[in-house]
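Colleague: I would like to go through this structure with you, one question at a time. Please give the cut-offs as we go.

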Amino acid sequence: MDSTAAFDDAGLFARLDELGIACETHAHAPLFTVEQSRALRGDLPGAHIKNLFLRDKKRRMWLVTVLESRDVDLKDLRRRIGAKGTLSFGNPELLMAHLGVTPGAVTPFAVINDRAGNVTMVLDRELQTGVVVNAHPLRNDRTSAIGADDLVRFLEAEGHSPLIVDFDAEHED
């Protein structure tokens, strides 16, 4: 695969196999929101997430992965991650250009497509306390369950060691 081509789910699964990381994938109707996910997932065990693709006024980008139930205050997050100016959501073109996915399919696995390392990965500390994390495998009609430690190992192997944020801790300015 050339360095500009985006990985698809088959390429992702091959990379996970290469790293010795197991995952279990379930097919379902395409999901675009946390609410849709809650309604359709049934009793799928493990932590369920939401992902925010953000940028600041200096055009730095972050992929923020948190527990799906977490409310994220962008002003507070800006301080925690060192963003300059306000944070805003990256547009679909920027998302595709840097992470190779469309809205609704945003996932921590998408760092596999950020070969230039332009996106900083931010991970909710709470996700490290779970045994399994559920994430889309670069498409929103599947969910893949992966061990929490294996998710971090994958991110590190892709050159995106996550910035771990404890959203429950008080933040000092």
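Colleague: Which strand holds R142?

Modeller: First, a note on the model: it is predicted, so local features need pLDDT of at least 70, side-chain atom pairs count only at pLDDT 80 or more, and totals for chains, interfaces and linings use all residues. Residues are numbered from 1 along each chain as its sequence is written, and side-chain values use heavy atoms, with hydrogens and water left out. Strands (E, at least two residues) and helices (H or I, at least four) are DSSP runs, numbered from the N terminus. R142 lies in residues 142-147, which form strand β7.

Colleague: Is R142 buried, exposed or partly exposed?

Modeller: Buried means under 20% relative accessible area, exposed means over 50%, and partly exposed is in between (1.4 Å probe, protein chains only). R142 has a relative accessible area of 25%. Therefore R142 counts as partly exposed.

Colleague: What separates the C-alpha atoms of R142 and T25?

Modeller: Along the chain, R142 and T25 are 117 residues apart. The C-alpha atoms of R142 and T25 are separated by 6.5 Å.

Colleague: Where does F154 sit in the chain?

Modeller: F109 is in the loop between α4 (92-99) and β5 (119-124). F154 is 45 residues away from F109. Both F109 and F154 are buried. F154 sits in helix α5 (residues 148-157).

Colleague: Why do the buried residues of α1 line one face of the helix?

Modeller: In α1 (residues 9-18), the buried residues are D9, G11, L12, R15 and L16. The arc is that of the directions from the helix axis to the C-beta atoms. The buried residues line one face because, seen down the axis, they fall within an arc of 160°.

Colleague: Which elements do the buried residues of α1 pack against?

Modeller: The face turned away from the buried side of α1 carries exposed D17 and E18. The buried residues pack against β1 (23-27), β7 and α5.

Definitions and conventions: Contact = heavy atoms within 4.5 Å.
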